[in-house]
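Hi everyone, thanks for coming. Please have a look at the structure on the screen, and we'll walk through it together.

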Amino acid sequence: MAASNTASPVTGIPTGMPRSRQSLITFPTLLPKKVSPLIRFCRYVALTAGIVYGFRRLRKLKAEEIIIQEHERKIKHIRRVYMSQEAWNTHKFQMNFLAQECGVTGVVTDAERHFKYPAKPKPTEDITSE
């Protein structure tokens, strides 16, 4: 039996042709239809409206984002202060516990938190090396 050269009703490709040759078949292209001026006008109006909407939306979102960032900055500062206080309270508890275990009578208070140690003296120049 010989392979028939009839075309497939779905693809239009001859059924007996090998797959490697099927991709070489080109179909005639249709010429583009002339689009009516009304449709072209509507397309450009829609494009322009979309661009204008995008710019306005971006400006609105930027303003909202600035407000959100300011709020987040305030929250971050409050959290940082809270964490600092928690760290100090933990340190104070540990120092008092250690003092009690070692038999030291002194107690760490909040006043020591604000104590500033004296600055280290700057090294003086050695004059004798001349």
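Let's begin with a term: accessible areas come from the Shrake-Rupley method with a 1.4 Å probe, and for residues, only the protein chains shown count as cover. With that, the protein exposes about 13,100 Å², and carbon and sulfur atoms supply 63% of it.

Now a word on where this comes from. This is a predicted model, where local features need pLDDT of at least 70 and side-chain atom pairs count only at pLDDT 80 or more, while totals for chains, interfaces and linings use all residues. Residues are numbered from 1 along each chain as its sequence is written, and side-chain values use heavy atoms, with hydrogens and water left out.

How many helices and strands are there in the protein? Two helices and zero strands, where helices (H or I, at least four residues) and strands (E, at least two) are DSSP runs, numbered from the N terminus. Of the 130 residues, 4% are buried; that means under 20% relative accessible area, with exposed over 50% and partly exposed in between (1.4 Å probe, protein chains only).

Next, please find helix H2, residues 37–102. Its 66 residues reach 94 Å from first C-alpha to last, close to the 98 Å expected at 1.5 Å a residue (that is, 1.5 Å times one less than the number of residues). Just after H2, Gly103 has a positive phi of about 85°.

Finally, the aromatic rings. Rings of Phe, Tyr and Trp (its six-membered ring) pair if their centres lie within 6.5 Å; planes under 30 degrees apart count as stacked, over 60 as edge-to-face and the rest as tilted. That rule gives one aromatic pair. Phe93 and Phe97 form this stacked pair, 6.4 Å centre to centre with 20° between the planes. Both lie in helix H2, four residues apart, about one turn of the helix. Phe93 counts as exposed because its relative accessibility is 58%, whereas Phe97, at 44%, counts as partly exposed.
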